[in-house]
Amino acid sequence: MISTVERYLAVRRAAGFELTNTEYLLRSFARWAAKRGETHIRSGSAIAWASHTVSVAQRDARLKTICRFARYLRAEDNQHELPPANHFGYRKTRRVPHIYSAVEIRRLLDAALQLGPPHSLQPHTYATLIGLLAATGLRISEALALQFPDVTPQGLLIHKTKFRKTRLVPLHETTAAALGSYLIRRREHCGRERVFIAEDGRPLRYWHVYSTFQKLAKTANVSGSRGRRPRWHELRHTFAVRALEASPKGRQQVGQHLLALATYMGHVNIDATYWYLEATPELLRDIARAAETFIRGGQS
């Protein structure tokens, strides 16, 4: 079964998927099946293998990985069985994101500018990083990977990141001006081509920016939803929600707006963008109003 795993991985990687965890899981399953003398996928064996982990979420993810593999194999050989994908009854839930207010973002920026040491680059680095994520909706990993050549007159060139997609992110003139001012200061310091660096000149690491953001949130008196810690990624959520709130009226125009936003944010499919509709009471009220009008036979 190892040879079929290799072919499957090669086909999907040619389509742009990285599949690091998928490769690990499929190799593990293939070795396990080989020890049992099995050359074809069997539902019972797949479920048994998937059960060899602690959480229901992990079992579900393992079994669904085998299901995708089985669908591929059954196109040429229907002796492979297709396991029941929902065998473990797991339903993924998303954490409700915290949507930052303009006041909270301002407080985070002020807290960043108070960072030490005195006369260092760090306060400007974090203030610019916060402002950039709030204004563009970039993933924190994308911002940390930025290099000087990626900052162009047309916008930010975001290289192969999640789903190995490359895109150009245009900047509002005020965002471009703020980033330009930071880059002038940044070039006075040593370090490689990375835009955002630590005090020692090395690229910023996620674990460091994560802990620093928690300190800034505490200083700024900003807390996440339901008492949870606020996160960098919620700046991306905030950008998406504000963009949707500013969507033009009319069902067709909203659909076009969503498609444009999905492309801008680098979503692999529009489902990820639709999820942002749940994020604020304002959006939910608009949806409820449109649904009520439709049910009554009107137009929205």
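R231 is partly exposed, at 27% relative accessibility. In this predicted model, R231 takes part in a salt bridge with E234, with 3.6 Å between the closest N and O atoms.

E234 itself sits in helix 10. Its relative accessible area is 0%, so E234 counts as buried, the cut-off being under 20%. Which residues surround E234, leaving aside neighbours within four places in sequence? The contacts are R95, V96, P97, H98, Y100 and R229.

## Salt bridges

The structure contains 10 salt bridges.

| Pair | N to O distance |
|---|---|
| E23 and R27 | 3.1 Å |
| R231 and E234 | 3.6 Å |
| R202 and D200 | 3.9 Å |

E23 and R27 both belong to helix 2, which covers residues 20-35. The two are four residues apart there, so about one helical turn separates them. R27 is partly exposed, with a relative accessible area of 26%. R202, the partner of D200, counts as exposed at 57% relative accessibility.

Elsewhere, salt bridges with shared partners connect E6, R13, E23 and R27 into one network.

## Overall make-up

The protein has 300 residues, of which 41% are buried. Its secondary structure consists of 13 helices and three strands. The accessible surface is about 17300 Å², and carbon and sulfur atoms account for 54% of that area. Taking contacts between residues at least 6 apart in sequence, 58% link residues at least 24 apart.

How are the three strands arranged? They form an open sheet in the order 1-2-3, with antiparallel pairing. Strand 1 (151-152) and strand 3 (167-169) are the edge strands; each has a single partner strand, so one side of each has no neighbour in the sheet.

Strand 1 and strand 2 run antiparallel and are joined by two bridges. They make a hairpin, with two residues between the strands. On its other pairing, strand 2 (residues 155-158) is antiparallel to strand 3 over three bridges.

In strand 2, L156 is the bridge partner of V151, and in strand 3 the bridge partner of L156 is V169. Strands of a sheet pair through backbone hydrogen bonds, in either the parallel or the antiparallel sense.

In soluble globular proteins, nonpolar side chains tend to be buried together. The largest nonpolar core here has 44 residues, and L108 and W232 touch the most other members. Two or more residues come from each of helix 5 (102-113), helix 6 (122-136), helix 7 (140-144), strand 2, helix 8 (173-186), helix 9 (206-219), helix 10 (233-245) and helix 11 (251-265). Which of these elements gives the most to the core? Helix 6 does, with six residues.

W232 touches Y126, L129, I130, L133, I140, V209, Y210 and F213, with residues up to four places away in sequence not counted. Apart from this core lies another, of 24 residues, including L26, W49, A70 and L73.

## A site in helix 8

Helix 8 also holds S181. Is S181 buried or partly exposed? S181 is partly exposed, with a relative accessible area of 48%. S181 and H124 are 57 residues apart in sequence, and their C-alpha atoms are 9.7 Å apart in space.

Definitions and conventions
Residues numbered from 1 in each chain as written. Predicted model: local features only at pLDDT ≥ 70, side-chain atom pairs only at ≥ 80, totals over all residues. Heavy atoms only, no water. Pairing = 2+ DSSP bridges. Core = buried A, V, L, I, M, F, W, Y, C linked by side-chain atoms within 4.5 Å. Buried < 20%, exposed > 50% of the residue type's maximum accessible area, 1.4 Å probe, protein only. Contact = heavy atoms within 4.5 Å. Salt bridge = Lys/Arg side-chain N within 4 Å of Asp/Glu carboxyl O. Areas by Shrake-Rupley, 256 points an atom, 1.4 Å probe, with all protein chains shown as cover.
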